[in-house]
Amino acid sequence: MILHDAHVHVGQFRDLYSSPEDVFPFLDKIGVSRMAVSSTGTCEGDPEIPIREIGRIVQLGKERITPVLWINPEWVESDALPRLLNCGIAWKCIKVHGYFSRWEDSPELLQMTIDLAKKMDVPFLFHTGGRPESDAGSYLDIISRNQDVRFILAHSRPVDQAIEVMKACPNAWTDTAFTPVEDVAEMIKCGFADRILWGTDYPLHNVFYEGEDIAHHLANRIADFQRVMSSEEWERVSH
């Protein structure tokens, strides 16, 4: 089985540190051939951390890695952004995290960040869920106003809002990181198999499911996904 994982992290998360070297042995176990990776080190506020961590994983994984540039609002008009853009990493996606950062307080900075994705011709990923300001539906207006950018609603939370956005905006996609299988089945039922990206959110399971065999857990999730969709639909979601 060959899988493309749309949602992987390196870096510090709570008490867990996942190094670039840690990623490959684990994801190789479940058959991941390519992965989109961002650095949770972004949360520490120092742009040198994601530059170092993403630079290293690209060095190790080469064409297997899709580097994701996770941006904080305070970086948009500071020296941090030029540093990130000129560090030698060929960023292939831009990410913002509306649960961690209060982007709703700076709508002009959010639009500037979307304009950057447009200029770079890369997708734009929103974390969804956790609070109303970062739920999927809160991004409906800005996604509809930027039809020439492909948006990814990571986690598909809450699923009814994610479905509403996808129905209204053909440029909106979702991913399955920590998404309940029933929610994925509902999106499939609505005809969105071509706009769902399979993602694990590795290594966060090691925090939320401490003590569990995470490879076994993810293998079971893959089997659950395969039960709620046809083989053709699974092929589209997982690649």
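Helices (H or I, at least four residues) and strands (E, at least two) are DSSP runs, numbered from the N terminus. Pro203, for instance, lies in the loop between strand β9 and helix α8 (205–208). The model is predicted: local features need pLDDT of at least 70, side-chain atom pairs count only at pLDDT 80 or more, and totals for chains, interfaces and linings use all residues. Residues are numbered from 1 along each chain as its sequence is written, and side-chain values use heavy atoms, with hydrogens and water left out.

The peptide bond from Tyr202 to Pro203 is cis, with omega near 5 degrees. Asp201 is in that loop too. Its phi is near 70 degrees, a positive value in a residue other than glycine. Asp201 has 3% relative accessibility and counts as buried (buried means under 20% relative accessible area, exposed over 50%, partly exposed in between; 1.4 Å probe, protein chains only).

Asp121 also has a positive phi, of about 60 degrees, although it is not a glycine. Asp121 sits in the loop between α4 (107–120) and β6. At 69% relative accessibility, Asp121 is exposed.

A cis peptide bond also joins Arg157 and Pro158, with omega about -25 degrees. Pro158 is found in the loop between β7 (151–154) and α6. Arg157 is 26 residues from Arg131 in sequence, and their C-alpha atoms are 10.0 Å apart in space.

Arg131 belongs to the loop between β6 (124–127) and α5 (140–144). Arg131 is buried, at a relative accessible area of 13%. Neighbours within four places in sequence aside, Arg131 is in contact with Gly98, Tyr99, Ser101, Arg102 and Glu104. Contact means heavy atoms within 4.5 Å.

Helix α7 spans residues 181–189, and Val181, Val184, Met187 and Ile188 are buried there. Why do they lie on the same side of α7? They cover an arc of only 120 degrees around the axis. The arc is that of the directions from the helix axis to the C-beta atoms. An α-helix has 3.6 residues a turn, so residues three or four places apart point the same way. The cover over the buried residues of α7 includes α6 (159–168), β8 (172–175), β9 (196–197), α9 (214–227) and α10 (231–238). Exposed residues Glu182 and Lys189 are carried on the face of α7 turned away from its buried side. Just after α7, Gly191 takes a positive phi of about 90 degrees.
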